[in-house]
Amino acid sequence: MAWLEFDDAAERYRIRFRFDGRQYKRSLKTADGREARAMLGRIEETILLIERGRITLPENADPATFILSDGKRTGEKPERDALTLKTLFTTYTDELPKGVKEESTLQGEGIHIKHLLKHLRSSATVQNLSVSEVQGYVKSRAKDKWRGKPIRSETIKKELTTLRLIWNWAVEQGYLTGPSPVRGIKYPKLNEKQIFRTTQEIQQIVSRGGISEDEERELWDGLYLTRVETGELLAHVEAQCCQSFVYPMFLFAAHTGARRSEILRSRIDDIDFMSMTVQIREKKKSRSKAMTFRRVDLTTSLARILKSWFNEHPGGQYTISADGLNPLTVHTAHDKFKRALKGTKWGKVRGFHVLRHSFASNLAAGGVDGRIISEFMGHTTLEMERRYRHLMPDIRKRAIELLVS
């Protein structure tokens with residue numbers, strides 16, 4: 001397998017190819033696309049001939065030199081230095097093909113790598129990394145603080161998941177062998193997330209006193225707005241916001257349960273006023289597909305507001321856009337959210353995800369089947385479904401009464 005890439009910095013084509021469990025990257029020293037494609041064809045043919053046994057790779061030959069020269073030069077087979085942790089991460093970053101992962105995912109991995117290099121020796125030989133050393137990482141990382149608070153074990157687990165994924169990638173490329181040392185690591189136990197509660201319920205708990213700052217924060221993370229509260233919030237946004245795209249963005253979140261990222265990547269053609277549905281573009285739901293889709297029915301209110309917004313839309317493809325060319329950035333959307341609610345009784349509403357929680361919670365409170373809610377929300381885990389079930393009192397009551405009926 002071989003493919004071409006264009007190096008913007010060098011203004012030259014380079015080729016990547018896999019052979020005998022390793023990946024190679026070499027510059028083709030040309031900016032001519034036709035010449036680069038011709039060289040790609042010869043390289044693929046040479047690899048095929050070697051695999052079929054029609055050409056024999058000399059024992060001490062450098063595979064890259066041999067293949068690039070159509071089997072005419074052997075070079076010297078380079079000795080592999082012990083792969084260090086820092087080199088592993090650099091190699092992974094350099095060799096991962098573009099488009100394989102979302103930019104936000106790569107940014108998150110970069111943050112994880114920074115912490116891994118800080119607490120695990122960057123010069124350590126990766127192949128010799130032991131489970132006990134990784135377990136020590138958990139202990140030392142837990143002593144770090146973020147905004148004055150200890151690092152949560154779920155954060156540490158995500159960082160080590162990144163290490164495991166990169167290790168497995170390195171095994172596939174032939175850089176490492178065996179299972180990653182992340183297997184068998186023990187983490188501090190986590191509490192299950194709080195059920196969703198209304199503003200009044202949370203205020204009652206807080207007013208009784210005796211809870212820590214972290215416990216209060218977890219309660220507010222589980223906030224959902226009732227139908228009346230959601231309506232009041234939306235009415236405030238509609239009345240106060242001067243930019244015409246802000247209210248449609250809020251209403252989109254409140255009436256579809258879409259995530260912020262899904263709203264920002266939504267396109268005008270995803271809105272079908274004939275069938276009264278909206279197509280939601282999902283990412284990270286499937287490991288084999290870059291994008292998946294789900295459909296949510298449009299409310300008459302959302303359809304009316306979107307039609308009105310499209311009449312003054314600045315142009316372009318994206319449903320929510322300020323300039324008509326680009327979608328809003330995450331930071332811009334969050335800034336618009338906070339500005340719209342600043343100084344109001346909804347000041348504790350942390351972000352668009354509260355409107356998503358409220359969408360599902362109000363459906364559950366209305367007795368909607370949990371399977372339909374999960375379909376609307378794009379849930380894939382039972383843990384999220386359990387957080388809504390207490391809001392289905394009539395359904396739960398009927399179920400338990402079957403014991404005595």
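Modeller: Two residues are in contact when they have heavy atoms within 4.5 Å of each other. Helices (H or I, at least four residues) and strands (E, at least two) are DSSP runs, numbered from the N terminus. The model is predicted: local features need pLDDT of at least 70, side-chain atom pairs count only at pLDDT 80 or more, and totals for chains, interfaces and linings use all residues. Residues are numbered from 1 along each chain as its sequence is written, and side-chain values use heavy atoms, with hydrogens and water left out.

Begin with helix 3, which covers residues 85-95, and helix 6, which covers residues 153-173. The angle at which helix 3 and helix 6 pack is about 75°, and their axes are 11 Å apart. Axes are lines fitted to C-alpha atoms, for helices over the stretch in contact, and angles run from 0 to 180 degrees between N-to-C directions. Helix 3 and helix 6 are therefore roughly perpendicular (under 35 degrees is roughly parallel, over 145 roughly antiparallel, 65 to 115 roughly perpendicular, the rest oblique). From helix 3, the residues at the contact are Leu 85, Leu 88, Phe 89, Thr 91, Tyr 92 and Glu 95. Facing them from helix 6 are Leu 163, Ile 166, Trp 169 and Ala 170. This contact of helix 3 with helix 6 is made of 8 nonpolar residues, 1 polar and 1 charged (nonpolar: Ala, Val, Leu, Ile, Met, Phe, Trp, Tyr, Cys and Pro; charged: Asp, Glu, Lys and Arg; polar: the others, Gly among them).

Now take a second pair, helix 7 (residues 199-207) and helix 8 (residues 213-221). Here the packing angle is about 170° and the axes lie 10 Å apart, so helix 7 and helix 8 are roughly antiparallel. Helix 7 brings Thr 199, Ile 202, Gln 203, Ile 205 and Val 206 to the contact, where they meet Glu 216, Leu 219 and Trp 220 of helix 8. The contact of helix 7 with helix 8 holds 5 nonpolar, 2 polar and 1 charged residues.

The strands come next. Two strands pair if DSSP finds at least two bridges between them. Strand 2 (residues 12-19) pairs with strand 3 in the antiparallel sense over 6 bridges. Arg 14 stands opposite Ser 27 in strand 3.

Another open sheet, also antiparallel, has 3 strands in the order 6-7-8. Strand 6 (271-272) and strand 8 are its edge strands, and each pairs on one side only. Strand 7 (residues 277-282) is joined to strand 8 over 6 bridges in the antiparallel sense. Opposite Arg 281 stands Phe 293, in strand 8.
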